[in-house]
Structures are given as structure tokens and as C-alpha cells.
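Here's a short tour for anyone meeting this structure for the first time. Have a look at it, and then we'll go through a few spots together.

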Amino acid sequence: MDKAPQNELQFQDRNQNYWQLASIQSASLGLPGIIVGGQIASQIGIGKAITSVIIGNLILWMIGLTIISMAAPERDNAIQITKRYLGKIGGVVATLFLILAFFGWYILQLNSASLVIHDLFHLENSQVRLGAGLGAFIALLSIGGIRLIKHFSVIVFPFLFLYVIYTSIKFIPNLHVSTIWDFSFAGIIGIMASTLAGIVNLPTFFRHSKSNSDSYLALSLMTIFIIIFQFYSIVAQYSDYSSISVSNNFDLILLTSFIVLSLMTVNLVNIYFSSAGWETIFPHRKSGTEYVIVGLLGTMAYTFLQISKPMEFLETMAENFIGSLGIILLLSFIVKIVVHHRPRPFERIVSVGCWLFGGIVGTVTQVETMNDSSYSLIIAICSASIAFLVVIFIEETIWSFKNAVLAKKEDQ
Amino acid sequence: MNQIAKLEDTHQSSWQLAMIQLAGWTSLPIIATSILVLEGNSLWGAIATIVVGNAILWFLRIGMIAMSQENRWSTLDLSSAYLGKIGSYFIAILLLISTFAWFIQQTTAAGTTLTRLITIHENKEIDQFTQMSVFLGIASAFLCMEGMVLLKRLSVIVFPILALAFFAILFTLPPISSHINDNRFSLSGLTLILATNLGITSDLPTFFRHSRSLFDSVKAITAIQIISLGLGLCSLYFGSIISRGFEINDRIVLSPDHEMLRIALIVFVFLSVITANVANVYSASVGWELVAPTALVGRKEYLIMGLGLTTIYILVANLLSLDYLLNVSDGALVNLCLVLILGYILSLRLKRSPTSVEQTTYFIAWLLASIFNTLQFAGVFLVEVSPFVVSLSSIIVVIALSFIGMRIKGLIK
């Protein structure tokens, strides 16, 4: 990444250091990404939840490391890297799912933050107004693009981190750990499911990195900080949004600031994430105005759709496809490193086919399990992986059979 | 101050100039001013008042345009020339406050009206007013993005639709007899018409600096005045659907017999509020350019202002009343218009630009009149007298005293 790629780089700010990159990603976990630790702890126990958070995030770190490595040489964004490995059709389909997922994430973040603030201040019938107001304000801020996100995150992250430490220290004496320290597959998958789509999108941010070493250090720091943030919700025993409460006005101000700043960062990041998709549709128009339009569309979607059933379904579906895309990219990269001994003429078709297969199986599972997002994501990922492995197995076996048996017979 | 070099789009025709004003300011509350005139007047008296009022407005507006045409000055440039540098900062802030109050008040009124007029069957817990407000606010913000360029296109498209909707409303109104009353013939509503329209008049230079020529500007002003006169006279028949506070009378409009009226009203209210908001943001942009940091000025300023106002609007709509702020800012704009016109007449007579002493005089006259109005609206001072009369009197007195003083000291001949 240290040398400039051949293609002209059309985005700004290519000198972000590890701290800036890590601050952006860590500050943008959002309330749903933080609370997932507490939610899992309430289902499988604190001990298993802690191991799930650690193992789940380490697996995500591995996936992130691979995806960043894939994107680094050409400073690709998430869609460009998909195009490179899955071809043009793959890029177009990924763009559509990324945009669809953006609306889901934007709505989810606004909904969760406005719901908690609404309950904390005992407001009446003002949740939509609050969420829409915050959404419009975030859209306004997004005019500053990546530079504003960088400066904002670097300023905001220390506050978020210190708040988490302060609150965790307060809650630890109340914690009664009488649980078995064990591993939980469901817990690990639950943790992975909460941020896997974000990991797949990392290249869109890491293309701004100063160097490879900055990227890798940022990824490690980000993983550590995310683990700490998710521990916080376990320690605070936040099993759902209604369990978030405070005992005094000082804590109320701190918690509200934490939620609002966290929401602002995560949705600024969401807008920028989706820009990878918009850049594919409108390749010649890259300006702050586009981010504002995206943010306003997200706010409109929140106001009119909120967390309606169809929206929830579409969001889970998009996450199934993005999750299986991540796995296929990972496997394609590994195969590309390993398989040098034979040509792979159908490489992109195979990858797209397996990816879509995984996504479709996940969506069918989603319908059958009444929108169980974690389970359908597991099925999507597993189906895509198995399909890919089966195809590679067949490809490799046929090629080796041709060379080892048929070619030998011809020689004889 | 001379902005010809950096000002975009300086070739607008009389038609485009007129469309921007008519589409930008033709809203239900402004049209319904005629109803207020009729309340204290006979029908013929109201008609005469509207005709005379529009004739005076035409004359004053020609004066405003003549002042700014040569150098293509905006309202703020004019303020700087006549009220001095400090005065221009006051006016910049006034323009921003006025836009803020109008944007919120007008969009809230439209949101309330449209929520009543449009029936959406959804969960009762969903606040439809908020949904409508967000939609109106965001639609306005989208259309503010390109400043004058988009405003011009929008107005040219929207005004014919607004006019059609207006006549559809007029022809589908239920028959009424309330507009014929026993009041005596008088011109008592003249100050009301002037007070309602002079605030807008002070904004005209900002829009007319884009004119192709003075002749186009005069044609546009004449067209605006004739069409406004027609709309004002027709609006006398709006009494049956507009109740006090300029709210739509639900009982009549929502009855199944008046479906066409309901649709025409929806179109009219929606388009008028959107265009008015875009025009408002553009008029305030000159103020923003003076007071905002350089980084926030330029092509993005319209977007920043539009979206900033939208965000505030979403959060405060229907929660706090801005009537007082609206009255005060409107009063201050009327005063600005009066001061500028008097200043222009005096400059023509003296055959030179205002000196710093004269600028200070005009600024004090404007400030004093605005303070008097503010106290009047707060109900602590001269409550019984029309704010317009108080403004005009105080401005004339201050300017007269200052000029007498200057003549005594030999500063003017």
C-alpha cells in the first residue's frame, strides 16, 4: 500500500494513521453492536458470553485481516474488491445489497438510540421526531465526508471509551459470576453476526490508510476496543434496550451523550460505507452532497418504515448476502494464494454462484425460521462455504485426474 | 460589494423573475390576508383596499429595484450602503432569523394542514404529523441544494400548477354568503396589506439582481402586482374554508362532497410551502454569507442552511410558537424597506450616496422603529396603534431630525 497504485486515486485523504483508523471503526460500533454482548450473556450466561465475545471477535479479526490484505494493493473499496474477485455482475449485485443493508443499518441505529433516549427522559410520543431530527442532523454533518468522520471519531472515541471504562468499574461490584466458563457456538456466531457485514466493508475505510502496518495495527486495536465495548454490556447486564437505565442526572447526561455521539459516528460511517455502492452507480460524482442525499434518504426511510416487518426482513436478507459475500471473498483469496498449478477459467462465475447460493439458502432459512437473523446468517455462510469447497474439490479432482490418469494414458 | 463577477445566472427574463416571486411567496396565509381586510370592511371597501394597496406596493417595489439594479446589489448590499457596516450585520442576522421563523411556522402550518387533508391508514401510535413534517422538511432541503439555479426551474414548473390548483379551489368552494357584510366602505386594511407585503419587498433586490435588464425587472414587478391583485381579490372568497388563525375548516373540506377541493388544497399547500422554503433559504443566503465561517460558504451553503433549518424544524415543529419572533422579524423587514426607500429618495435629491452620518441616521431610524415594534408585539407599548404607523412615524421623525441637524451644522445644503 505504500506505493501509489497505477489507477488514479479519486478519493481524498490517503494518510490516515492506525489511531485514526481504529478510532473510526471502534467509535462506530453503535448501540446494537455494543449491547449484543449483554443480550448473549442473558441467554447463555456470562462466562460463555465472555468467551464468545473474545473468540467471535478474533475470528472477525482474521476475516478483516484477509479482506484488508486483498484490498490493499489497489486501495479498493468494498465494491471494487468484490468486482475484482467476483466480476462485474457480482459487483452490481453487491452494490444493491450494500445499499439495501445501509437503509437497514441506518434505521436500526436511529431506532435503537431514539428508543433508549425516549425512555430515559420519559418522553411521550416523540421517538420518531427525535430519531428523524438526529437522522437529518447526521445527514447534514456527512457533508464533511471522510475528513469530518476522521476528526469527529478521533475526538469522540476517547469519551466513549472512558465512559465505558467508568461505567464498567461502577457495575463490576454488582456482578455475580456464578457461571461455567465454556464455549458456545451460538454465542460466537451471534457476536460474529453483529459486525460481520461491517468487516466485509472495511476496505472502504482502510483504503485511506497510510500504510499496511497502520492498517493491521488499526485492525488489532479495533478488535481489542470492540471486545471491551461488548464486555461493558455484559458487565452492565444490558439484556435489551429497555434494561438501559441510570440512577442519577449526572449519569443520565453521560449516557445520553454516549448514545448520541455513538449514533452520530456509526451513522456517519454507515453513510460513508454505502458510498462504495453509490460510487459504482454514479462513478463521476463524488462530493459531500451525495453523502447528504444518502443520509436524508436514510432518515426518510426511518420516518416512514421504521422497524416494520418488511424492512426487518430485507435487512436480514441483505446481511445474509453480505455475510456470505465475506466468506466467499475470504475463500477466493485463499484459493488464489494456494492454487497456482492450474488455470481457473471459471473462477469468478464459481465465486458469484456460490455466494448467491449461500445468500438464497440463508433467505429461505430466514423465511422458514420466521426471520431468525443469527440462524439464517449461519446457514448462509455455511451453504456458501460448502458450495465453494465442493466446487473447488470437483475442479481440483477433475484437473488432477486429467493430468495424472488421462495424460499418462495418452503418453503411453 | 459589487458581485457581478461572482454572481451566477444574471440573465433571468421577466417571466422567470415573476414566477420565482409568485411561486415563492404565494402561500395560503398570505393569500388569506384578503379575508382579514374583509373582516373590517365592506366588500367594495376590501376590493378598493386591495387595489390601492397593490398600486402602492408596485410603486415601492419599482423603487427598490431601481436602487439595486445598476450594481446588482442584494438586500444586504443595499443595507450596507444605506445602514453602514454595523447595520449590515444586524440585517444579516435579521434575514437569518426571519427565514428561521418563516421556515418553521410555514412548514408547521402546512404539515398540520396536510396531515388533516391526507388520510393514511396506519398504526394509530405512529405520529403522522411528524412523518409529514419530516417529508416536507427533507423535500425542501433537497430542493434548496442548488440555490438560485434550482429555485428558478422549480418556480417556472410549480407556478402554473399552483395557479391551476388555486382556481380549482376557487371553483369548488362551497357557496357562501359571509363575505357580504354590513361594514362601511373604508381603506382601513391598507396598512395590513402594506405590512404583510413590505417585508417581502425588502427581499426583492436579492432576487432581482439576477435580472437581464431593468426593463425586465419592471415588467416582472408589474406582472407580479397584477397577478397578486387578481389572487388577492379572488381570495376574498376563501372565507368559507379558512377559519381564524388561517387554518383549514375540516368540516367543509373533508366532507365526501368536496373531494376535488381536498385534492386541489393538498397540491396547493404542498407546492407552495416547498417553493416558499426554497425561496426563503435563498433570500437568507446573503445573510449567511456575511456571518458564517468561510468554510461553510459557497455552493454548499444552501444545503447547509436548508438542512440545518429542516433539522431544527423536525425537532421543534408544533412544540413552540414562533408567532412573536415572526411578527418582530417581519416588522423589522418592513422597517428596512421603509428606511431604504426613504434613503433612496433622499440620495436622489442630494445626488450622492449616503455619508457615514446619514448611514448612522438610517440605522438608528431602523433600529428604533424595530424596537418600538418589538415592544408593541410584546404588549407593553402603544398596543392600540398599528405597528406600521408607529414604524413609519418614528422613521420619518428620526430622519427628519437628523437632516435638520445636519443642515444647521452645514453638512448638507
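## A loop residue in chain B

Is Arg72(B) buried, exposed or partly exposed, and how many C-beta neighbours does Arg72(B) have inside 10 Å? Keep in mind as you look that this is a predicted model. Arg72(B) has 18 C-beta neighbours inside that distance, so it counts as partly exposed; a residue needs 20 or more to be called buried.

You'll find Arg72(B) in the loop that sits between α4 (43-69) and α5 (75-117) of chain B. Its phi is near 50°, which is positive even though the residue is not a glycine. As a rule, most residues other than glycine have a negative phi.

## Helix α9 of chain A and what follows

Over in chain A, helix α9 covers residues 212-235, which makes 24 residues. At 1.5 Å a residue it should span 34 Å, and its end C-alpha atoms are 35 Å apart, so the two values agree.

Just after α9(A) comes Gln237(A), with a positive phi of about 55°. Gln237(A) isn't a glycine either. It belongs to the loop between α9 and α10 (249-281) of chain A. With 15 C-beta neighbours inside 10 Å, Gln237(A) counts as partly exposed.

## Where the chains touch

Chain A brings 18 residues to the contact and chain B brings 17. On chain A's side, the elements giving two or more residues are α5 (127-141) and α11 (288-305). What kinds of residues make up that side of chain A? Eleven are nonpolar, six are polar and one is charged.

Notes. Residues numbered from 1 in each chain as written. Chains lettered and ligands numbered in written order. Predicted model: local features only at pLDDT ≥ 70, side-chain atom pairs only at ≥ 80, totals over all residues. Contact = placed C-beta atoms within 7 Å. Helix = DSSP H or I, 4+ residues; strand = E, 2+ residues; numbered from the N terminus. Nonpolar A, V, L, I, M, F, W, Y, C, P; charged D, E, K, R; others polar. Expected span 1.5 Å × (residues − 1). Buried ≥ 20, exposed ≤ 12 C-beta atoms within 10 Å, placed from the backbone.
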